[in-house]
Amino acid sequence: MGARAKNSPRAQTGSPAGAGRPRLPPLKALLAFEAASRHSSFAQGADELGVTPSAVSHQIQQLEEFLGVPLFQRHGGRAILTSAGRTYSREIEHAMGVIADATTLVAPQSQSGYLVIASGPSFAAKWLQPRLPEFLRANPDMRVRLSTMTSPDDLESSRFDIAIAYGSPPASQRPVEPLLVERLRPLCSPALAGALDLRTPQDLARATLIHSVNALTWADYLRRVGAGDVKPSNELWLDRSTMAIDAAVDGLGVVLESEILAATELGDGRLVAPFGDRAHTVETTSYFLVRSPGFRTRTQIAAFEKWLRAAIATANLTIKTNQP
């Protein structure tokens with residue numbers, strides 16, 4: 001145990017255990033090393049950093065003195081990494097990537113040229129993400145970052161250019177407008193529909209009802225279609241529509257879900273609507289478009305919004321306008 005502590009990275013820096021972070025090499029020297037190692041040239045690394053080659057050479061010399069090992073062999077103006085230099089280069093490249101990812105996660109708008117789209121997890125996974133390649137093909141110069149929100153409160157704490165929010169209109173100072181109407185109905189596997197002989201909502205008393213987080217509860221749905229107080233055989237609660245849809249496909253029960261999110265499963269027959277008539281379908285405005293007031297990519301946002309509305313129309317979803 002004592003030998004292990006003695007040889008730990010923290011011990012080697014001279015910092016006592018628990019005294020905070022270990023001593024780090026000069027950060028400017030790390031940047032110079034990363035650029036020079038990537039280009040295999042002090043001169044090209046200097047051009048990238050906007051400094052002179054002698055400045056890069058000086059920074060790397062400082063870093064080598066700090067580490068106590070040579071990082072480069074200098075041959076005819078070329079900088080060739082030593083064995084230690086190659087190992088250090090790989091680790092520094094990884095560390096720079098971690099820093100870049102953390103920066104983008106916290107402040108994605110700091111990444112110039114990115115269109116940052118936020119969405120609920122289920123809409124992102126089941127509807128938006130599969131269609132994004134079409135958008136990117138039509139806009140090859142655009143870079144997209146898709147992030148997810150787990151609650152309406154995330155609209156105030158997250159950084160984004162445009163968001164597709166789900167649920168009640170968020171109380172926000174950001175511009176919000178209705179986007180589309182969601183159609184919800186009971187869905188299940190064909191085998192389960194046949195086994196339980198599901199013909200009317202009252203037949204759900206023989207079924208396991210699968211609950212997910214959506215705009216309508218089972219109790220609200222049954223009340224709105226005039227089915228009364230149905231007591232199901234069993235119930236299953238899941239916190240994501242994606243999970244609930246998969247559970248219904250697997251025959252675990254009947255889910256009250258959106259035609260938007262279950263479009264693929266309905267299309268290929270893995271799910272059916274046992275009560276197929278419109279009298280047993282409930283429509284509600286569940287999706288809202290939220291724009292960041294401080295966005296810097298106005299042209300990109302306009303292009304995405306135009307594509308989004310066209311994609312919704314193509315998918316035969318009911319578009320909700322801002323008209324009364």
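The questions below go from the whole chain to single residues.

This is a predicted model, in which local features need pLDDT of at least 70 and side-chain atom pairs count only at pLDDT 80 or more, while totals for chains, interfaces and linings use all residues. Residues are numbered from 1 along each chain as its sequence is written, and side-chain values use heavy atoms, with hydrogens and water left out.

Me: How many helices and strands does the secondary structure of the chain come to?
Reply: Helices (H or I, at least four residues) and strands (E, at least two) are taken as DSSP runs and numbered from the N terminus. Counted in this way, the secondary structure of the chain comes to 13 helices and 11 strands.

Me: What share of the residues of the chain counts as buried?
Reply: A residue is buried under 20% relative accessible area, exposed over 50% and partly exposed in between, with a 1.4 Å probe and protein chains only. The chain has 324 residues, and the share of them that counts as buried is 42%.

Me: What percentage of the contacts with a separation of 6 or more comes from residues 24 or more positions apart?
Reply: A contact means heavy atoms within 4.5 Å. Among the contacts in the chain with a separation of 6 or more, the part that residues 24 or more positions apart account for is 73%.

Me: Why is strand β10 described as largely enclosed by the rest of the structure, and how many of its residues are buried?
Reply: Strand β10 covers residues 282-291, and it is largely enclosed because most of its 10 residues are buried. The number of buried residues in β10 is eight.

Me: Which residue in β10 is the bridge partner of A163?
Reply: Two strands pair if DSSP finds at least two bridges between them. Strand β5 (residues 162-166) and β10 pair in the antiparallel sense over five bridges, and β6 (residues 176-187) also pairs with β10 in the antiparallel sense, over eight bridges. For A163, the bridge partner in β10 is V290.

Me: How are the rings of F123 and W127 arranged, stacked or edge-to-face?
Reply: Rings of Phe, Tyr and Trp (its six-membered ring) pair if their centres lie within 6.5 Å, and planes under 30 degrees apart count as stacked, over 60 as edge-to-face and the rest as tilted. By this rule the count comes to 10 aromatic pairs. In F123 and W127, the ring centres are 5.2 Å apart and the planes stand at 25°, so the pair is stacked.

Me: By how much of a helix are F123 and W127 separated?
Reply: Both F123 and W127 are buried. Because they stand four residues apart in helix α7 (residues 121-138), the separation is about one helical turn.

Me: What is the relative accessible area of W307?
Reply: F135 is buried, with a relative accessible area of 0%. W307 is buried too, and its relative accessible area is 9%.

Me: How far apart in space are L81 and A36, C-alpha to C-alpha?
Reply: L81 is found in strand β2 (residues 78-81), and at 17% relative accessibility L81 counts as buried. Leaving out residues up to four places away in sequence, L81 touches F33, S37, L71, F72, R86 and S89. L81 and A36 are 45 residues apart in sequence, and the distance between their C-alpha atoms is 9.6 Å.

Me: Is S241 buried or exposed?
Reply: S241 lies in helix α11 (residues 241-249). Leaving aside neighbours within four places in sequence, S241 is in contact with S122, S212, V213, E257 and L261. With a relative accessible area of 5%, S241 is buried.

Me: What value is phi of S40 near?
Reply: S40 has its place in the loop between α3 and α4 (42-49), and S40 is partly exposed, with a relative accessible area of 31%. Phi of S40 is positive, in a residue other than glycine, and the value is near 55°.
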